[in-house]
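Welcome! Have a look at the structure, then try each task before reading on.

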Amino acid sequence: MFSFLLSLVALVLGYWLYGRFVESVFRPEALRITPAVAHPDGVDFIALPSWKVFMIQFLNIAGTGPIFGAIMGAKFGPSAYLWIVLGCIFAGSVHDYMVGMLSLRHDGAGLPDLVGKYLGRSIWRAMLAFSLFLLLMVGVVFVYSPALILGGMCSNTTVWVLAIFAYYVLATMLPIDKIIGRVYPLFASSLLFMAAALMVVLLLKWPTLPELWDGLGNRAPQVDPSWTDNIFPCLFITIACGALSGFHATQSPLMARCLTNERQGRPIFYGAMITEGIVALVWATVAMYFFYDSPAPGYEAICGAGNKGFATAAPAVVQLVCTDWLGWLGGLLAILGVVAAPITSGDTAFRSARLLIADAVKLPQQKIRNRLIVCLPMFAASIALLLWQVDNPSGFNIIWQYFGWANQTLAVFALWTATAYLVRRHTAYWFTLLPALFMTDVCCTYFFVSHQMLGLPATAGYTAGGLCTLAAGIAFLWARRKWMQEGIDFDRK
């Protein structure tokens, strides 16, 4: 528990200290006109109160990510603490802040447009396709998974699939202040309350858990032969939303279109990510309490002999923990955690996809007819993918297997984009370059060694990942000279 408390303090200090440093490098301007003020359209560009933007941003980027990822990553023991804290402060929050602020400086542009501007037009095409693929996967996964849970409680899965998908259509088509702006603050408050209540229970129970100084390493047996259990790179793919997530790069531009002052960027973009890190920290600690060598009495069904509890599905852990620790209120919060939270990630995923397509074809979205032109083919593709998933019992697992890697790969491109921007600004860029290089190595290595991908032998896979990272570093040094010679302050062009 001491590692938990130290990690909690580190996250708070990270916001106040490192967050201020990142802000000082970017240099936000309070008097600069934001996209919401410059060209409001009543649909996506709408000025909202800063507290509401924070709550929407938090729920957009959180969902079940900091819960499920932290539970699955708990098998790595205290290493999970290190990644959540260091990843959140030095990578995830920097990533979210830079993408959000760059979008503010470029009229609310989405990630593909930012990538195209700073890394090249050819990469823009690839990033547009990659981003849309990721967003559609998120939307489809977060239709089916909550529908399965609700179907097991009442009615049937098909009915819930139709109901959730109908909600997605409405949330994607309607102005952001009509549904999302009204229900998201409520759901975000509930998610925060659940984390705070669990933290209080943890402090009261004060369980004996492995500490950072007890050693790092995977503390669970290999419960599934198809998993890659090495801390590097598996930990950094398993715990994503609580430390660093490329999905956030598709969500921050949504809120960049609702801000009225650039000074709001640090509390909203950097601060929401720190808050998500705290939620992940709580759930990682809760999972360690239930999973380790001396399981809590009464939870042998999860823990079992030999730590077999790590094969237990994360939603089942959430429901048991909340119900047992927090009573009937905890049961309601569990439903929120495993049902409402993914739904609120799915609807903004589809909304982001609509905006990316509309920006790519330069189709204004004020008229509902234009929104239909964009959404109809998008929803048709989603329905086809959803039907395939329903017809294939393993369809959900197949889609989810590739989501983690694709998610972190998107973060790599976002970090390289931020680095290219800072180089052109002739200012400090090391704080985005270092996480960009590290995550390049993580994603490339995972692609080579994971049984879900190429499944190469360890030596060959790790070598190939290192060579890819070296090539990325050399390419950066070559491009850096060109970018600096341009001497153009691109955000003022």
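**Exercise 1.** Decide whether His-426 is buried, partly exposed or exposed.

*Solution.* Step one: recall the cut-offs, where buried means under 20% relative accessible area, exposed means over 50%, and partly exposed lies in between (1.4 Å probe, protein chains only). Step two: apply them to His-426, which has 48% relative accessibility and therefore counts as partly exposed. Helices here are DSSP runs (H or I, at least four residues), as strands are (E, at least two), numbered from the N terminus. Step four: check the backbone, where phi of His-426 is near 55 degrees, a positive value in a residue other than glycine.

A word on the model: it is predicted, so local features need pLDDT of at least 70 and side-chain atom pairs count only at pLDDT 80 or more, while totals for chains, interfaces and linings use all residues. Residues are numbered from 1 along each chain as its sequence is written, and side-chain values use heavy atoms, leaving out hydrogens and water.

**Exercise 2.** Describe the backbone at Lys-362 and at the bond between Phe-232 and Pro-233.

*Solution.* Start with the background: most residues other than glycine have a negative phi, and most peptide bonds are trans. Next, look at Lys-362, whose phi is positive, near 55 degrees. Lys-362 belongs to the loop between α15 (314-361) and α16 (368-391), and its 72% relative accessibility makes it exposed. Finally, turn to Phe-232 and Pro-233, which are joined by a cis peptide bond with omega about 10 degrees. Pro-233 is part of helix α11 (residues 231-238).

**Exercise 3.** Find out how many salt bridges there are, and which parts of the chain Asp-44 and Arg-354 tie together.

*Solution.* First, the rule: a salt bridge is a side-chain nitrogen of Lys or Arg within 4 Å of a carboxyl oxygen of Asp or Glu. By this rule the count is 7. One of them pairs Asp-44 with Arg-354, with the closest N and O atoms 2.9 Å apart. Asp-44 lies in the loop between α3 (35-38) and α4, and Arg-354 in helix α15, so the pair ties together parts that are 310 residues apart in sequence. Both Asp-44 and Arg-354 are buried.

Now take Arg-257 and Asp-359, whose closest N and O atoms are also 2.9 Å apart in a salt bridge. This pair links Arg-257, in the loop between α12 (248-256) and α13 (265-291), to Asp-359 in helix α15, 102 residues away. Arg-257 is buried at 4% relative accessibility, whereas Asp-359 is partly exposed at 25%.

Last, follow the network of salt bridges that links Glu-29, Arg-32, Arg-105 and Glu-262. Within it, Arg-32 and Glu-29 meet at 3.7 Å, N to O.
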